[in-house]
Amino acid sequence: MSLASESAELASPLRGDVAYAEPSMAGVGDYLALLKPRVMSLVVFTALVGMAVAPDHLHPVLTLFALICIAVGAGAAGALNMWYDADIDAMMTRTATRPVPSGRVRPGEALAFGIVLAGFAVTFLGLMINWLAAGLLAFTIFFYAVVYTMWLKRWTPQNIVIGGAAGAFPPMIGWAAATGGIGLESILLFLTVFFWTPPHFWALSLYSVEEYRRAGVPMLPVVAGPEETRRQILIYSVLLAPIGALPWLLGYAGIAYGLTAVAGGLLMIALSWQLHRSPDKSAAKRLFGVSILYLFVLFAALLVERAAGLQQTGLPFGRVFS
Amino acid sequence: MSLVMDQEPIEPGIVLTEEQKRRRRARSIAIALALGVFVALVYAVTLVKGPGVLIRPL
């Protein structure tokens, strides 16, 4: 055998009879979209509030580093969600243009992207900040990508209730990053986001019910019907209002937060009641929009109070737990 | 027969379009920027935490 024929044999995988992988058409924007930037911004904001209200504080550089790790971890969870849910996303108008179902990013690329980012985020949060925060971040990614996305979402109408825990962990991660522990106040912030999730998502699912039905996702309006969903939205809003006010009632927040929480909670109840009584899409859209504003204003009030040093004003019963 | 005659014609392999080249270049620049930011951040953290940056109670 000549040298040339030997080398040609070695190079056989590069011949035309072997199918080549299609070159990636993914742009930078597609990879950024995989990170679910809007969800990520809410995660960063609530984690920042968790850090700000904690009794201990990190150096600003460490705060920035921790927030970036938390943001990247949340983005990784989003990428893993988009990898697994590509079949569902392709059937829904709202999600059909996402990078994987539209074909711009291959599933394997999204999976690798998510795993690598998750590994980096958890490892460096642990090495540079602390391992409790890193453990909570790892659990949050696992909970969102595996428990919610792979299991709950396609199995039960309680998917977003239980899965809502994944979105509720970031303030607790922020608190853990700052203190190295888990305090009652961080649990209250967790509970606020946890009980906020059902009215928020079910309001969205009420006006996207046909899409969820077509995709075979057992959202509550698909399985139990819109009337039962509106009833459950009202129940969760009634639970959310006092839970949102607990940081003030237990003495962890000031009067500005207290008034915001009471007013916001009453508004959520009023809009849920309105949706319960007059079931139309505009009422559901209004509740969905106001729910985003409610959570943002509530957490912003905590942040502003802490920045202005007003958190100790107007305690109704004094601090219950020190 | 010469060496050249023995050799089978080699396929050109994957030929990227201009758009694919442009996107690959954009991805490469983004990765470079992200790595640069990451290195700068880790360096800043080591400055804040001092030489014992990785020494901590578990």
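Ile162(A) sits in helix α8 of chain A. The model is predicted. Chain A contains 14 helices and zero strands, while chain B contains two helices and zero strands. The points below start with Ile162(A) and its helix, then turn to the chains, two helix pairs and two further residues.

**Ile162(A)**

- The C-alpha atom of Ile162(A) is separated by 7.7 Å from that of Tyr148(A), and the two residues are 14 apart along the chain.

- Chain A is assigned two stretches: domain 1 covers 26–182 and domain 2 covers 183–322.
- The C-alpha centres of domain 1 and domain 2 of chain A are 21 Å apart.
- On the domain 1 side, 29 residues take part in the contact, and on the domain 2 side 25 residues do.
- Three helices of chain A, α3 (37–53), α5 (86–91) and α8 (159–179), each provide at least two residues of the side of domain 1 that touches domain 2.
- The helix that gives the most to that side of domain 1 is α8(A), with 11 residues.
- By class, the side of domain 1 of chain A that touches domain 2 has 18 nonpolar, eight polar and three charged residues.

**The chains as a whole**

- Read from the N terminus, the elements of chain A run α-α-α-α-α-α-α-α-α-α-α-α-α-α.
- Chain A has 322 residues, of which 48% are buried.
- Chain B has 58 residues, of which 3% are buried.
- Taking contacts in chain A between residues at least 6 apart in sequence, 73% join residues at least 24 apart.

**Helix pair α4 and α7 of chain A**

- Helix α4 (residues 60–84) and helix α7 (residues 131–152) of chain A cross at roughly 15°, and their axes come within 9 Å.
- The pair α4(A) and α7(A) is therefore roughly parallel, as angles under 35 degrees are counted that way.
- The crossing of α4(A) with α7(A) is right-handed.
- From α4(A), the residues that meet α7(A) are Ala66(A), Ile70(A), Gly73(A), Ala76(A), Ala77(A), Leu80(A), Asn81(A) and Tyr84(A).
- From α7(A), the residues that meet α4(A) are Ala133(A), Leu137(A), Thr140(A), Ile141(A), Tyr144(A), Ala145(A), Thr149(A) and Met150(A).
- The contact of α4(A) with α7(A) consists of 12 nonpolar and four polar residues, with no charged residues.

**Helix pair α9 and α14 of chain A**

- Helix α9 (residues 184–206) and helix α14 (residues 281–308) of chain A have axes 7 Å apart and pack at an angle of about 155°.
- Because angles over 145 degrees count as roughly antiparallel, α9(A) is roughly antiparallel to α14(A).
- The crossing in which α9(A) passes α14(A) is left-handed.
- On α9(A), the contact is made by Thr192(A), Val193(A), Trp196(A), Pro199(A), His200(A), Ala203(A), Leu204(A) and Leu206(A).
- On α14(A), the contact is made by Ala284(A), Leu287(A), Phe288(A), Ser291(A), Leu295(A) and Leu298(A).
- The residues of the contact of α9(A) with α14(A) include 11 nonpolar and three polar, and no charged ones.

**Ala256(A)**

- Ala256(A) belongs to helix α13 (residues 255–277) of chain A.
- Ala256(A) has 18 other C-beta atoms within 10 Å, so it is partly exposed.
- Apart from neighbours within four places in sequence, Ala256(A) is in contact with Ala301(A), Glu305(A) and Leu310(A).
- For one of these, Glu305(A), the C-alpha atom is separated by 7.3 Å from that of Ala256(A), although the two residues are 49 apart along the chain.

**Lys36(A)**

- Lys36(A) is in the loop of chain A between α2 (28–34) and α3.
- Lys36(A) is a residue other than glycine with a positive phi, near 50°.

Terms used: Residues are numbered from 1 along each chain as its sequence is written. Chains are lettered from A and ligands numbered from 1 in the order in which they are written. This is a predicted model: local features need pLDDT of at least 70, side-chain atom pairs count only at pLDDT 80 or more; totals for chains, interfaces and linings use all residues. Axes are lines fitted to C-alpha atoms, for helices over the stretch in contact, and angles run from 0 to 180 degrees between N-to-C directions. Helices (H or I, at least four residues) and strands (E, at least two) are DSSP runs, numbered from the N terminus. Angles under 35 degrees count as roughly parallel, over 145 as roughly antiparallel, 65 to 115 as roughly perpendicular and the rest as oblique. A crossing is left-handed if the near helix is turned anticlockwise from the far one by less than a right angle, and right-handed if clockwise. Two residues are in contact if their C-beta atoms, placed from the backbone, lie within 7 Å. Ala, Val, Leu, Ile, Met, Phe, Trp, Tyr, Cys and Pro count as nonpolar, Asp, Glu, Lys and Arg as charged, and the others, Gly among them, as polar. A residue is buried if 20 or more other C-beta atoms lie within 10 Å of its own, exposed if 12 or fewer, and partly exposed in between; C-beta atoms are placed from the backbone. Domain bounds come from an automatic or database domain assignment.
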